[in-house]
Amino acid sequence: MEATGTDEVEKIKSKFMSAWHNMKYSWVLKTKTYFSRNSPVFLLGKCYHFKTDESGELSTDGSNFDKINTEISGNVEEFRKDFISRIWLTYREEFPQIKGSALTTDCGWGCTLRTGQMLLAQGLMLHFLGRAWVWPDALDIDNSDSESWTAHTVKKLTASFEASLTAEREPKILSNHHQGTLKRNCDDNEMQNEVYHRKIISWFGDSPLAAFGLHQLIEYGKKSGKLAGDWYGPAVVAHILRKAVEEARDPELQGVTVYVAQDCTVYSSDVIDRQCSFMDSGKADTKAVIILVPVRLGGERTNMDYLEFVKGILSLEYCVGIIGGKPKQSYYFAGFQDDSLIYMDPHYCQSFVDVSIKDFPLESFHCPSPKKMSFKKMDPSCTIGFYCRTVQDFEKASEEITKMLKSSSKEKYPLFTFVKGHSRDYDFASSPLHEENDLFSEDEKKRLKRFSTEEFVLL
């Protein structure tokens, strides 16, 4: 009887917390975002123009697209399709209990892990799908009636969640979508892309077995002294992502590696060593690399002198975004317009979706509306990400970014640097490619503990 009573209390507590999270975090999709018609919009290296003869602002919630001429509407549509196609990872609740805790949600503490997941997901999308890929069904979640895009989407999300929780293979809300999919004349390439699209999302599922799921990331975080429920900084998350990719056992992931810059320095030989390391298949081949650079854009507040550099970085197609945000509130920055950054917000509590189910609903993994924030409100602590498919791509990127760093730096020292050689050549302990027994070396543990307080040396 006592156990039954405890279970009932836990159920009531769970329902209360679910209601609280829905109330606290539901505002994320309810606010409108406005874009100027007169300034270009950049999204992960792609540029979109909304310019018209009329002045004013344009809302991206779908409520006034009919007022735009055909030519401009097409460009807006392309931007929306591109943005919606990015993978959106948010707070979740009612997922399997995290090992060593009673937590079944990351609401209130997991936002930086979620933005880190989004950055890594974009890197994997570049690797498997390419930058030109867009989700064919991205605009299917659009407004078809008089209701707003957001309200319509939320209704579809709710139905999708209910379907996933009851393990339905084909939710009713998706019936039209499935019919459309059957009618669509997909070529082999498009079908293959959809397989990778689903596979990438499944790697970030909220279950202990998912390679880059919250459960696995928390396990790696424990090595740096972080526990479930703690707040994670962008630098710590960068190292956790590196370990997660190194430890991933899926054969598809053996062609990707992650390098984390040491003390704002990218050591070129260390990066190339990672790219040229032997594949698990036993044959020598080059790996694609995702380079993560933890930096600080100022002291207590972000230095506006860094704005042009950040905009330059987000203008590169091989940029995979920035893990950043406002103080104690992490966002995934993916673009900009004028002096405002475009981001995806993880602070939206959604129900657990079982990605192991065939044809699991995809809507909740794609953000229906972009958000904007003034650059001056950005927390100075962040991690910048790049993707390079080959060694040649890395060498080209390092030259391009170095020029950008020099031209944008008003101070004597740039924000970070690319240096030829290995880190060991400069009396730094290099991170071995194959570590035994422990996931983090002693040098890495020290660095992670320092990063966990978000302290940086300002030059």
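View 1. At 41% relative accessibility, Asp 339 counts as partly exposed; the classes are buried for under 20% relative accessible area, exposed for over 50%, and partly exposed in between, with a 1.4 Å probe and protein chains only. The model is predicted, so local features need pLDDT of at least 70 and side-chain atom pairs count only at pLDDT 80 or more, while totals for chains, interfaces and linings use all residues. Residues are numbered from 1 along each chain as its sequence is written, and side-chain values use heavy atoms, with hydrogens and water left out. The side chain of Asp 339 meets that of Lys 311 in a salt bridge, at 3.7 Å from N to O. Lys 311 lies in helix α10 (residues 307–314) and Asp 339 in the loop between β10 and β11 (340–344), so the pair ties together parts that are 28 residues apart in sequence. A salt bridge here is a side-chain nitrogen of Lys or Arg within 4 Å of a carboxyl oxygen of Asp or Glu. Helices (H or I, at least four residues) and strands (E, at least two) are DSSP runs, numbered from the N terminus. Lys 311, at 12% relative accessibility, counts as buried.

**View 2. Arg 114 with Asp 106 and Asp 206.** Asp 106 forms a salt bridge with Arg 114, and the closest N and O atoms are 2.8 Å apart. Both of these residues, Asp 106 and Arg 114, are buried. Arg 114 also meets Asp 206 in a salt bridge, 3.0 Å from N to O. That pair links distant parts of the chain, 92 residues apart: Arg 114 is in helix α3 (residues 111–128), and Asp 206 is in the loop between α6 (188–203) and α7 (214–222). Arg 114 counts as buried because its relative accessibility is 1%. Asp 206 counts as buried at 6% relative accessibility.

**View 3. A network of charged side chains.** Arg 242, Lys 243, Glu 246 and Arg 274 are linked in a network of salt bridges. Side chains of opposite charge can pair when their charged atoms come close. A search of the whole structure finds 14 salt bridges.

**View 4. Strand β9 and its two partners.** Of the eight residues of β9 (319–326), seven are buried, and the strand is mostly covered. β9 pairs with strand β14 (residues 381–388) in the antiparallel sense over four bridges; two strands pair if DSSP finds at least two bridges between them. Ile 322 stands opposite Ile 384 in β14. β9 also pairs with β10 in the antiparallel sense, over five bridges. There, the bridge partner of Gly 324 is Tyr 331 in β10.

**View 5. Lys 328 in the hairpin of β9 and β10.** The hairpin has two residues between its strands, and Lys 328 takes a positive phi near 60° in it. Lys 328 is not a glycine. Most residues other than glycine have a negative phi. The loop that holds Lys 328 runs between β9 (319–326) and β10 (329–337). With a relative accessible area of 63%, Lys 328 is exposed.

**View 6. Asp 263 in the loop between β6 and β7.** Asp 263 has a positive phi of about 50° although it is not a glycine. Its loop lies between β6 (256–260) and β7 (265–267). Asp 263 counts as partly exposed, at 32% relative accessibility.
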